[in-house]
Amino acid sequence: MIKLSIVVPIYKVQIELLERCVFSLLKQTLKEIEIILVDDGSPNECRKKCDEFKEKNNCISVFHKTNGGVSSARNFGIQNAKGEYIGFVDADDYVKENFCETLYLTAKKFDADMVCSGYTELNDTTEISHNKKGNIPVVMDKNEATKQFLLFDKVDFRVWNKIFRKNIADKISFSKKYKIAEDEMYIYDFIALANKIVYIPYCGYYYFINSLSVMSADLSSKNFDSLKVTDIISDHVSDQKTENINYFRLNSYIRLWVKITSNSSYCKKFSKEKKTIEKKIRSIRISDVKPYNNKTIKLLFIPIKIARPLAEFVVKRVKFISSKVSL
């Protein structure tokens, strides 16, 4: 019986990073796993390297397809997965040896549909662990999980630091309409079908900040897909408190606003989009932000709302703001 399927979408990743990723999965203490490598039409040596992995390891399956984007690759992996649960690992990231076992055993202990965890962010020189306060698992129903999702708290918008019950994952898919924020939409759709979600204070996933990755790339029109996703989700969660919905909106809007404002060329190129975001921010009441403790968001919200030049000055002059509020 395959307990956990791990889908790795692959497109033009550096070979040494791909090797690091796959080797970390081959070392897992949970042995009843399958590793699904989906080559999304890579034009480099990735195709050959995937086939080499498959030849040497029975737990690896390889699929080659025409390029369709990360959502297409993940959907293809879901369709071909045989595990009781499914997870996703990006090809330039890697995981601790007990990552799969820790999340799977948690899922079985609590009969959870989704298990969420922290993660460690790293580049060539530094590591930063992202974990919520506490040292015990937090069990949530779908209403509480939705609240945590809106507050960017114990249920975040990433798919790779989680595992999902496969028979629910089969009912939804990653949207190919969006080039950015497809993870966010998937998490929201999954919660809507789930009964129990568990968060564990464990950082076993290593998220590599790669200068060649999509998230590190220059801002383009596709980044504004995140606004569409934010508004769609906000419209759907009418059962949540207004302040939770507005906090979710504000986080999303300010992250993109900072990305534009911190670069003078972006300000010129995306001046219309910037004005649209500012209008959305001004529509949110100050009272809806007071209960929450994200100091960076609060620092920018009021100036954007009532004194925009001050907010722009803060973003351009105080360098740490861009790192604290990032896409």
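Modeller: Contact means heavy atoms within 4.5 Å. The model is predicted, so local features need pLDDT of at least 70 and side-chain atom pairs pLDDT 80 or more, whereas totals for chains, interfaces and linings use all residues. Residues are numbered from 1 along each chain as its sequence is written, and side-chain values use heavy atoms, without hydrogens or water.

Biologist: Which residues does Arg 285 touch, if those up to four places away in sequence are not counted?

Modeller: Arg 285 lies in the loop between α11 (271-282) and α12 (295-306), helices being DSSP runs (H or I, at least four residues) numbered from the N terminus. Its C-alpha atom is 9.9 Å from that of Phe 301, which is 16 residues away along the chain. With residues up to four places away left out, Arg 285 touches Thr 242, Phe 301 and Lys 305.

Biologist: Where do the buried residues of α4 fall, seen down the axis of the helix?

Modeller: Helix α4 covers residues 99-110 and reaches 17 Å from its first C-alpha to its last. Its buried residues (under 20% relative accessible area, 1.4 Å probe, protein chains only) are Phe 99, Cys 100, Leu 103, Tyr 104, Thr 106, Ala 107 and Phe 110. Because they fall within an arc of 155 degrees (from directions between the helix axis and the C-beta atoms), the buried residues of α4 line one face of the helix.

Biologist: Is Lys 109 buried or exposed?

Modeller: Lys 109 has its place in helix α4, and its C-alpha atom is separated by 42 Å from that of Ile 281, 172 residues apart along the chain. With a relative accessibility of 67%, where the cut-off is over 50%, Lys 109 counts as exposed.

Biologist: How are α8 and α9 oriented to each other?

Modeller: Helix α8 (residues 225-236) packs against helix α9 (residues 242-261) with their axes 10 Å apart and an angle of about 175 degrees. The contact involves residues including Leu 227 and Ile 233 of α8 with Phe 248 and Leu 256 of α9. Since angles over 145 degrees fall in this class, α8 and α9 are roughly antiparallel.

Biologist: Which residues of α7 meet α3?

Modeller: Helix α3 (residues 70-80) and helix α7 (residues 182-193) pack at about 40 degrees, their axes being 11 Å apart. From α3, Val 70, Ser 71, Arg 74 and Ile 78 take part, and in α7 they meet Glu 182, Asp 183 and Tyr 186.

Conventions: Helices (H or I, at least four residues) and strands (E, at least two) are DSSP runs, numbered from the N terminus. The expected span of a helix is 1.5 Å times one less than its number of residues. Axes are lines fitted to C-alpha atoms, for helices over the stretch in contact, and angles run from 0 to 180 degrees between N-to-C directions. Angles under 35 degrees count as roughly parallel, over 145 as roughly antiparallel, 65 to 115 as roughly perpendicular and the rest as oblique.
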